[in-house]
Amino acid sequence: MSVLEKELEVSDLNFDFNKKDAVTELIKEFGQQFSISKSVREQHTDTTTIHTSKLPDGVVFAENEIDVKKTVEICQKYKCPIIPFGVGSSLEGHVNALYGGISIDLNNMNKILHVSPEDGYAVVQPGVTREQLNVYLRDTGLFFPIDPGANASLGGMASTNASGTNAVRYGTMKDNVISLKCVMPNGEIVKTSNRAKKSSAGYDLTRLIVGSEGTLGIITEITIKLYGIPEVIAGGRVTFPSIKDATEAVIMVIQAGIPVARIELLDQEQVKACNNYSKLNLPEEPLLLLEFHGSESSVKEQSEFFSEIVADFGGNNFESTSNNEERNKLWKARHDAYYATKSCKPDHEYIATDVCVPISKLSECIEKTQNDLTKYDLFGHIVGHVGDGNFHVQLMVDPKNDIEINNLNKFLDDLSKRAILLDGTCTGEHGIGQGKKQYLVEELGSSVDFMKNIKKALDPFNIMNPGKIF
Amino acid sequence: MSDNESQWLGKTYNKKNIQECISKIKDKFGQQFSDSKSIREQHSHTMTIHESELPDGVLFASNKNDVSDAVKICNDFRCPIIPFGVGSSFEGHVNAPFGGLSIDLNNMNEILNVYQDDLLVTVQPGVTREQLNTHLRDTGLFFPIDPGANASIGGMSSTRASGTNAVRYGTMKDNVVSIEAVMPNGEIIKTSNKAKKSSAGYDLTRLLVGSEGTLGIITEITLKLYGIPEVIAGGRVSFTSIKDAADTVITTIQSGIPVARIELLDAIQVKACNLYSKLSLPEEPLLLLEFHGSKKSVDEQSELFGEIALEFGGNNYEWTSNNEERNKLWKARHDAYWAARSYMPGTEMYSTDVCVPISRLSECIVETVKDLNDNDLIGPIASHAGDGNFHVAVMLDTNNENEVSKLGPFLDRLSDRAIKMDGTCTGEHGIGQGKRKYMYNELGNSVDVMEAIKKSFDPNLIMNPGKLFI
């Protein structure tokens, strides 16, 4: 029995789908906006994981909310799976069409509908990317801070509760989505909230939909918080003799209330790779990279206070600057980290994973993970959003080497279990998707039954992105 | 339906079953249970114009097993359960319209663990915020959320409370990291581990926060803590109009000044405060400020704010970082509640709240003041202006039927006004009994989604019936 069949057998969700009739009706309804070509379908399933891609039966290119509603209604009528698609940059196989069905591509819904500088929010369609939004905002003096690395779509970022390097200061998507419009599995369009900054009116559907990975509805409009572009942005860099020293310094920095905007850790192996790739000569030791936002005097104060703290923890060679060009130089190792890792093994495949633990447990978690890389003979570098206790392992594996893939699976299994044992989570920002379903149960136990209750209540036929999360 | 029965959302509550259930609870819990009238009365006051309706008995729970055992029995008998903290809610949340069992959680008041390095604390629901901050004093940490009353943390979580410093520190939704709750079937679940971020599954934490006891009973809460600011400064400034004051607030927030509190009192409230606290403030709209940070940063914030206030015609701006002086400056705000109460001797005070996008705040307040005047109602206004949230304390002579009859329509118009301005009928008090009728107006068919969730968690509808939904 395949893994998939086993899953079907134990799940109490519906997996009895009819895709053929839905496709026929979608062709009639959408004409040119619907494609069943193999290459288009292939573009809509890249898992960016070791999981095999499964193609949807067709792709709808939605132009507006009504298109989304029609698609959902047709899929609902025939019980056909439907998988929302942004730019496809998710890292846990969220867009894979495990049971076939319809991929609904939202990239053409990429309008910035409204910006309210007084209220500090923007209303956007789900296909707007974060770079597009920030370019658009440039003249307003405002910006949208959340930065997961990739130029992701805001719909996708909301769906995975994305965050990234500056969550330590600005929070995650959960903290920055004010309201959503959403097409629910029954085709109804709902608005989760009005646009006041606070509300105590009913259940928090906004934050229920954020992070629900397309399993409860399709987001068609997002109101997000904006922030004033800081007067001054300073960058900093400092090395430490050990991961433990670096994380202890971070704990102190946060306790002292220094409002760091970014605080990133690179482990020694990552630094080594960055030295090679970006032609740097950093000491091959754990490296912290900092960013401070504020007025000139506040940034100066933050940076000075920071340097005092790191000195207590053995930090070396602290450098900082509020000159943009200099700052980019200091941060070069971080900006190039992804490419540096990839360049080490160009013929291998890149796999990224993430876990998140209470910050007091971070050094323990990272050190044990480093030992595991050695134990399983895997090639991997660690980059951490350490202010949040969140870190990534960037692995290069040979997909044709069965032993290596086997070791990779064991490594990922140990990693998630370790994070959970340390009172953390198997995913701080990538989401559960396909790959981490079993860890969700391990992490939250019978809570998952209540999540499933919600899923069944809102999507009784399990048409919304089936096979993900549960 | 017989006299013994009453209905809610299509479910029938049977008095005989409830009586049977209560006697079972009595047998099981002995001394921990009371059905004396005075005790039942203490557990059902509404602080609204809704009549108190008594529960049939009160259980004083000592631990989560008590809660779980009682919930299981009540579920078997379809007996309503109403969780009770300190009873400071404003919308009749603790009233027992269908009778049933009030579960008093005040004896569950242990502070279980302070995680100094992770800036977290785990508490039982009966812990009050003052108790928590007293306990934390020696750690240099504090819990900022301050709804005014010395509320219980369980109650604050249940209503998504906030208050004066939400503008800087957020609301309960932003500060609850994880919840342990007894669900309607008696199961005990944990909504999340203690990592700062998580993308693992649906956000049950924020689903329970603000659910007003309708989805489960909170038995443990993990909260974020913050370092006590090095310096706290206070400020005060008068304006000739609400609009000037609100524009000052908007510009302050847009310029990124991280104000910790920014409160607005309208002219009537200032007048009441002058009388009560023997002050001689100009009877004009008043802004009160608090700034947190290092000495340098607080100086910078206070001065920058002063410049902004001056631009909008602010008068008599004073600020200080001396604690005693600060308390003097803030006296009007600290005493505002009592000042309002005593402003019209022989009247009762009814407090309500709405919240709008900040760009609409002055318009909403000005129209509300006009509405009060047009209808000969007295209602001082105090606003958490940084969030667009404000309270009206309507003073009524309860023996004057004509006056009392004006309150309902006034509240209807106020909620309607806030909703039309893209705001909410409640920014921090909750829906409870009184605001259920506004839910559809504000959120349309997303209320159906909420109801579907409610029914999927609590098929027998035993958890705080008669609240949130009509």
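This section describes domains, strand pairing, helix packing and chain contacts in a predicted model.

Chain A is divided by the domain assignment into three parts. Domain 1 of chain A is built from two segments, 16-229 and 436-470. Domain 2 of chain A covers 232-337, and domain 3 covers 345-435. The C-alpha centres of domain 1 and domain 2 of chain A are 34 Å apart. Where these two domains touch, domain 1 of chain A supplies 4 residues and domain 2 of chain A supplies 7. The domain 1 side of this contact in chain A comprises 1 nonpolar, 2 polar and 1 charged residues.

Strand E10 of chain A spans residues 218-225. Of its 8 residues, 7 are buried, and the strand is thus mostly covered. E10(A) pairs with strand E6 (residues 121-124) of chain A through 4 bridges, in the antiparallel sense. Within this pairing, Ala122(A) has Ile224(A) as its bridge partner in E10(A). Strand E8 (residues 177-183) of chain A is also antiparallel to E10(A), with 6 bridges between them. Here Leu180(A) stands opposite Ile222(A).

Chain A and chain B are in contact through 78 residues of chain A and 77 residues of chain B. Several elements of chain B give two or more residues to this contact, including helix H7 (172-175), strand E11 (188-190), helix H9 (242-254) and helix H11 (295-311). Helix H18 (446-457) of chain B is also one of these elements. H18(B) gives the most, with 9 residues. By class, the chain B side has 29 nonpolar, 29 polar and 19 charged residues.

In chain B, 4 strands form an open sheet of mixed pairing. Their order is E3-E4-E6-E5. Strands E3 (33-34) and E5 (81-84) of chain B stand at the edges. Each has a single partner strand, so one side of each lacks a neighbour in the sheet. E5(B) runs parallel to strand E6 (residues 101-104) of chain B, and 4 bridges join the two.

Helix H14 of chain B spans residues 336-343. Its buried residues are Ala336(B), Ala339(B), Ala340(B) and Tyr343(B). Viewed down the axis of H14(B), they fall within an arc of 100 degrees, so they line one face of the helix. The packing partners of these buried residues are strands E15 (261-265), E18 (348-355), E19 (381-384) and E20 (389-396), together with helices H10 (267-277) and H13 (331-334), of chain B.

Pro147(B) lies in the loop between strand E9 (141-142) and helix H5 (153-159) of chain B. Pro147(B) has 22 C-beta neighbours inside 10 Å and therefore counts as buried; the cut-off is 20 or more. Beyond its neighbours within four places in sequence, Pro147(B) is in contact with Met156(B), Ala161(B), Ser162(B), Gly163(B) and Glu428(B). Val404(B) is 257 residues from Pro147(B) in sequence, and the two C-alpha atoms are 27 Å apart in space.

Methods:
Residues are numbered from 1 along each chain as its sequence is written. Chains are lettered from A and ligands numbered from 1 in the order in which they are written. This is a predicted model: local features need pLDDT of at least 70, side-chain atom pairs count only at pLDDT 80 or more; totals for chains, interfaces and linings use all residues. Domain bounds come from an automatic or database domain assignment. Ala, Val, Leu, Ile, Met, Phe, Trp, Tyr, Cys and Pro count as nonpolar, Asp, Glu, Lys and Arg as charged, and the others, Gly among them, as polar. A residue is buried if 20 or more other C-beta atoms lie within 10 Å of its own, exposed if 12 or fewer, and partly exposed in between; C-beta atoms are placed from the backbone. Two strands pair if DSSP finds at least two bridges between them. The arc is that of the directions from the helix axis to the C-beta atoms.
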